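Me: I have a structure open and would like to learn how to read it feature by feature. Could you walk me through it?

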Amino acid sequence: MADWLKPFKDFWERLRGAKAEATPFPEIFDQFQALLQDHQRVMELIADLGEKSGGEYIFDRKYLVDITNDLHTLLLHLVNSLNLIAGKRYMDLYATLDRVFLPLEAELRGRLSLSEEMPLAVPLSALPLDHPELTGGKANTLGRIIQSLKLPVPDGFVITTRANRRFLETNRLEERLHAWLESWAAGEMDEEQTARQIQYSILAGLLPRGVLHEIKQRAVPEGTAWAVRSSAYGEDGELTFAGLHETRLNVPPSKIPSACKEVLASLYSPAALSYRKEMGLVGEEAAMAVLCQETIDSRAAGVIHTLDLSDPTGNSLVIYASLGWGRTVVGGDSADRYVVEKDPPHRVKNMEVAAKERMFRPKSGGGEEEVPVPADLARQPALELEAIDTLVKWALSLERYFKRPQEIEWAQAQDGSLWLLQSRFMNIPRMELPREQDIYEVTSHYPVKIAGRGTVAHAGVGAGPVYQVYSDASLNRFPEGSVLVIRYTAPWLTPIVPKAAAIIAERGSAAGHLATIAREFRVPTLVGVEGASDLLKDGTMVTVDTKQRIIYEGRVKELLRYELVAAPAFEEAPEFRQLRRVLKRIAPLNLIDPAAPEFTPQGCQSVHDIIRFIHEKAVEELMDLPRFMKRFKGIKVWSLTSEVPIGLKILDLGGGIDPGAQGTKILAENITSLPLKALWSGVAAPGVWSTEPVPVDFKGMMSSLTKTRAEAPGSTTYAGFNLAVISDIYMNLHLRLGYHLNLIDARMHPEAQHNHIYFRFVGGVTDMTRRSRRAHLLAQILSKYQFKVDVKGDLVVARVLHLPQEEMAERLEVLGELIGFTRQLDIQLKTDEDIPQFLESFFQQHSPADKSPSL
Amino acid sequence: MSTEKLKILVLDDEPIVCKRLAPALEKLGFEVDTFTQSLEALHQIQETNYDIIITDLKMKGVDGMRFLQEAKTKNPATEVIVITGFATLETAKESFQKGVFDFIAKPFKLSEIQEVVTKVAAKIRGAKA
């Protein structure tokens, strides 16, 4: 155990010694408050880490180590506090802490790569993106294209570098290989000799059983044809081994293992060896993964260059196309050449149709064959305009994402569908580029629209016409490559983030949900830019440089080119990769539903899960009022007297109730807790609380009659009490209304970054269909108010973060009204068609916080 | 702004710091040289006069405090900005006693250091004018 952990261990030992029952109430009370504070602090640290991944901050490894230690300390505090409050019923959480933090700390010491926990094979669709050392560069790029850009890539799997290493181990090849390479480096053997010996022993080796099993499981169904190629670490990244390693096409599943060995052996071909020597990589361990993908039987195929090397300052890209498989283009045969403008509407500037002589196609029984191009096709363009248009869009989004000019391989199947095969950084000879201009000098001549405003959520440069979005309707019309300008960073904007060249929001924080999404898709994003929607009119061409926080009018082409070819893409730096790997063990929230079977210490997968669990359980302890009051006779619990018959009990942690209040009964005006006050003004608003019973139709009635209380979620835990635990700026409220269970946890600090609302709604009196109908209605309403909403059956979980006090108050008031509004809604909502009508009636009374409430 | 560019030297043993700072400062119109080895940087300041030096404190070999002292002795007009992940009141005090212009704790925002550099550049230009 590390030294800094000792005080906690001591503390815990002392705690263990004491009897839980003996813990006096004031101490429990203090622990609960400390727990809330620690919880808040952890949330802030998580947000802080997320912000750092946006590129605006300069941080080093020490920062990651420090913050992980801080988190570990806070989590120990939290587990201690919970055990104190709950009479040591959560001792399992100590093991959970170890399970989450030990790998995290190993990751920071750099000891985790290629460890035993890494798989031998992974499907392309679920590649761990921040482990390029496991799957190699080429596969990593494809994984990103599939997961982030959602472009069609032929399905497949990767045999990992760990499988390769195991192959070397089981065949006792490692040392021999090393010896041969050494004598080659010392000049004792020539390239040819070395290559022959190494390749022979690799081809003679046996693939380990585990690897064979993985291949058999994944290369299905029988009868499919596979492309098997190398994916070396470093390949297609900064170094390009293009063409040096073997590719086997049209391989039947049974031949994949031998194709794999051939690909592995190609890592040691004479050409690959001398290339590595030239690049100074001989001493480096060659880490090779093997990529297996279903073969596309292509009618046409080719390559795209997103920078026209014959005219590097022009704003065009070039598509090369030929018939059959793409190797004629890659191999240098004559191909059609289309030069297309990168700006919309992507005019084809120039088209040269080549005289095509030969093509490659799959040979029956595996492999490929060369055939002459039929005479009638030889002088026809290989591509139609529509396909060109699609390829251009793909090329631009690839270049936007990878932030470097791209060389892209594509194929068009016999049925006309287009596929993306590969994308890598273009190799640009220095001489092709014009003399580097002084970037400061050039940009200073462009007119500036906005400078020095806002916070950077993701660093980068993007240009396009401004497009403002107010509602879902304009969402669908968002033109690819535009600059998205919005007032709020609402989660419903997520689908258009990957299409945006840049994002500018008037509100929101760099730790919010949209910022996280923008980082995932690497879209340059500025939040908190006051007045942006007035200053940036629809259709105006702008260039957004979030690294300098400047928005220029017009297209600053020199700056765009500078970013593309000169400035390093920080996202690929090892420090940022490490940060993202660390974040993956910290930030994701997997435990959403507290009633789910995995809502246990064992079910916690991330730091966020652990604190979510602790918070839920600590509150649950306090909410178990009957037991609680038995344990602590004499604690003060207020009762709220109101026209709204909720029967609310209030436990004040400090500053939540007017100090002048007497006795045990208070009125709404005695509430000084900001969140409860805001919520109550919604609950008690005129017309919201209709006490007349809603007529129950037959189906609804039957369902409510047959339902026993035990079936209602959470009924055993919170039975009979409506309780708010409050302070001046905090509220945790449990409301059971009929069969509905509402939970609201909210903080309204003067500084926006400390604020949140967490809302959970579950249960109901009718059948599941109606209850989930109501859940979807709630989700639609809440997302209009920028809540991030998750719906699972009839459970609704909504969160909103980091808005200023008054905007949090607005939303709590709406929640108060919603509680009244939806009280018996599932009975009234008979069909899905009823939803729009209810939405309309709600929005008629309440206008959402955005400019336009239109749906 | 004058056509004469101000020269900046960045010294930090974490390559990522140099890699990120250089383009951010070049875009503001400075000429930037970066070093990850303090010894190399020490040689460099014997050859070239820098207007601004941005240095880490804790490094292998010659540490930042000694480096900035050498730099100040060599050219008292050089303005120094300290960036460090080990920010304490003592190191801050010591830095300021040694005539440091500003002291920034890591991690910091690019915009933060851009602001400080712009400020110190204005001071240097004012003194030159």
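Reply: Gladly, and keep in mind that this is a predicted model. Let's begin in chain B, where helix 1 (residues 15–26) lies across strand 1 (7–11), strand 2 and strand 3. Its direction is at about 175° to that of strand 2 of chain B.

Me: Which order do the strands of the open sheet in chain B take, and how do they pair?

Reply: The general idea is that strands of a sheet pair through backbone hydrogen bonds, either parallel or antiparallel. Here the open sheet has five strands in the order 2-1-3-4-5, with parallel pairing. Strand 2 (31–35) and strand 5 (102–105) of chain B are the edge strands, each pairing on one side only. On average, neighbouring strands of this sheet are turned by 15° against each other, direction ignored.

Me: How many bridges join strand 3 of chain B to strand 4 of chain B?

Reply: Five bridges link strand 3 (residues 52–56) and strand 4 (residues 79–84) of chain B, and the two run parallel.

Me: What does each chain bring to the contact between them?

Reply: Chain A gives 18 residues and chain B gives 19 residues. On the side of chain A, strand 1 (57–58), helix 3 and helix 15 (439–443) each supply at least two residues. By class, that side has 10 nonpolar, one polar and seven charged residues. Strand pairing also crosses between the chains: strand 1 of chain A and strand 6 (residues 108–109) of chain B pair in the antiparallel sense over two bridges. There, Tyr57(A) has Lys109(B) as its bridge partner.

Me: Which residues have the most contacts inside the largest nonpolar core?

Reply: In soluble globular proteins, nonpolar side chains tend to be buried together. The largest nonpolar core here has 135 residues, and those with the most contacts inside it include Val483(A), Val485(A), Ile504(A) and Ile744(A). Helix 3 (residues 61–85) of chain A contributes the largest share of this core, 10 residues. A second, separate core has 79 residues, among them Ile202(A), Val263(A), Ala301(A) and Leu383(A).

Me: What surrounds Ile504(A), leaving aside its neighbours within four places in sequence?

Reply: Its contacts include Val483(A), Val485(A), Leu526(A) and Val544(A). Ile504(A) sits in strand 19 (residues 502–505) of chain A, which is covered on both faces: Ala502(A) and Ile504(A) on one side, and Ile503(A) and Ala505(A) on the other, are all buried. Strand 19 pairs in the parallel sense with strand 18 (residues 483–486) of chain A over four bridges, and Ile486(A) stands opposite Ala505(A). Strand 19 also pairs in the parallel sense with strand 20 (residues 525–527) of chain A, over two bridges, where the partner of Ile503(A) is Thr525(A).

Me: Is Leu674(A) buried or exposed?

Reply: The cut-off for buried is 20 or more other C-beta atoms within 10 Å. Leu674(A) has 26 C-beta neighbours inside 10 Å, so it counts as buried. Leu674(A) belongs to helix 23 (residues 674–683) of chain A, and its contacts beyond four places in sequence include Asp728(A), Met748(A) and Ala809(A).

Me: What span should helix 7 of chain A have?

Reply: At 1.5 Å a residue, the 12 residues of helix 7 (residues 174–185) of chain A should span 16 Å, and the end C-alpha atoms are 16 Å apart, which agrees. Just after helix 7, Gly187(A) takes a positive phi of about 85°.

Definitions and conventions: Residues are numbered from 1 along each chain as its sequence is written. Chains are lettered from A and ligands numbered from 1 in the order in which they are written. This is a predicted model: local features need pLDDT of at least 70, side-chain atom pairs count only at pLDDT 80 or more; totals for chains, interfaces and linings use all residues. A nonpolar core is a set of buried Ala, Val, Leu, Ile, Met, Phe, Trp, Tyr and Cys residues joined through C-beta atoms within 7 Å. A residue is buried if 20 or more other C-beta atoms lie within 10 Å of its own, exposed if 12 or fewer, and partly exposed in between; C-beta atoms are placed from the backbone. Two residues are in contact if their C-beta atoms, placed from the backbone, lie within 7 Å. Ala, Val, Leu, Ile, Met, Phe, Trp, Tyr, Cys and Pro count as nonpolar, Asp, Glu, Lys and Arg as charged, and the others, Gly among them, as polar. Two strands pair if DSSP finds at least two bridges between them. The expected span of a helix is 1.5 Å times one less than its number of residues. Axes are lines fitted to C-alpha atoms, for helices over the stretch in contact, and angles run from 0 to 180 degrees between N-to-C directions.
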